Amino acid sequence: MVKSYFSSFLILVVFVLFETALLSNIFFLPAIPDFLLLCVLYFSIRNGKVAGEVTGFVSGLLLDFLSGSPFGLNSLVRTLIGFLAGHFHRMMNYESFFVNFIVGFCTTIVKALLLYVISLLFPNYVNSYHIFSSVFALELGMNTILCPLVFKLLRSFDSFVVPPRRGID
């Protein structure tokens, strides 16, 4: 179990550095894909609610340290998403491209809705998405298209990320 959490942490660090250091500095991209969200989604679906909460919290904490958002905002949103996605552990065929498209699409919408609700509570501190904006549509499209690709990439690390099953399920 420790090996899977440590491996997940290393993967999250690589993706947070890629997302914050490289992708956020490309000036012609109005929105960037949320690779960390897709990683949390994968770890949650593969390992369950607890792993989803832990990876969601850690990825949000890493993103909070490296971004200008209020401290704890990304941790809260990603922990909730990890918990919700963990409910689908062993319930869906995560290897299907079509299912991955739908999961990426729905998760991005859930993230936007969570940010909207939080922005209602803290209007001066949290910027939410404008649901009908081109920036949100672009991020939604990129997350939807990249979800099957990220899942396929992360599947190659399953021997490190997914702990062996014990006992009878």
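Tyr 125 is exposed, with a relative accessible area of 63%; exposed means over 50%, buried under 20% and partly exposed in between, with a 1.4 Å probe and protein chains only. The loop between α5 (97-121) and α6 (134-155) is where Tyr 125 lies. Helices are DSSP runs of H or I with at least four residues, strands are runs of E with at least two, and both are numbered from the N terminus.

This is a predicted model, where local features need pLDDT of at least 70, side-chain atom pairs count only at pLDDT 80 or more, and totals for chains, interfaces and linings use all residues. Residues are numbered from 1 along each chain as its sequence is written, and side-chain values use heavy atoms, leaving out hydrogens and water.

Tyr 125 also belongs to a nonpolar surface patch with Tyr 116, Val 117, Leu 120, Leu 121 and Phe 122, and together they have about 690 Å² of accessible area.

How confident is the prediction? The protein chain has a mean pLDDT (the predictor's confidence in each residue, from 0 to 100) of 88, and 97% of its residues reach 70 or more.

Now to the cysteines. How many disulfides (pairs of cysteine sulfur atoms within 2.5 Å) does the whole structure hold? The search finds zero. For Cys 39, the nearest cysteine sulfur belongs to Cys 147, 10.0 Å away. Cys 39 is buried, at 0% relative accessible area. Cys 106 is partly exposed, at 39%, and its sulfur is too far for a bond because the closest cysteine sulfur, in Cys 147, is 10 Å away.

Notes:
A disulfide is a pair of cysteine sulfur atoms within 2.5 Å. Patches are made of residues with over 30% relative accessible area and no salt bridge: like charges are joined within 9 Å, nonpolar side chains (Val, Leu, Ile, Met, Phe, Trp, Tyr) within 5 Å. Accessible areas come from the Shrake-Rupley method with a 1.4 Å probe; for residues, only the protein chains shown count as cover. A salt bridge is a side-chain nitrogen of Lys or Arg within 4 Å of a carboxyl oxygen of Asp or Glu.
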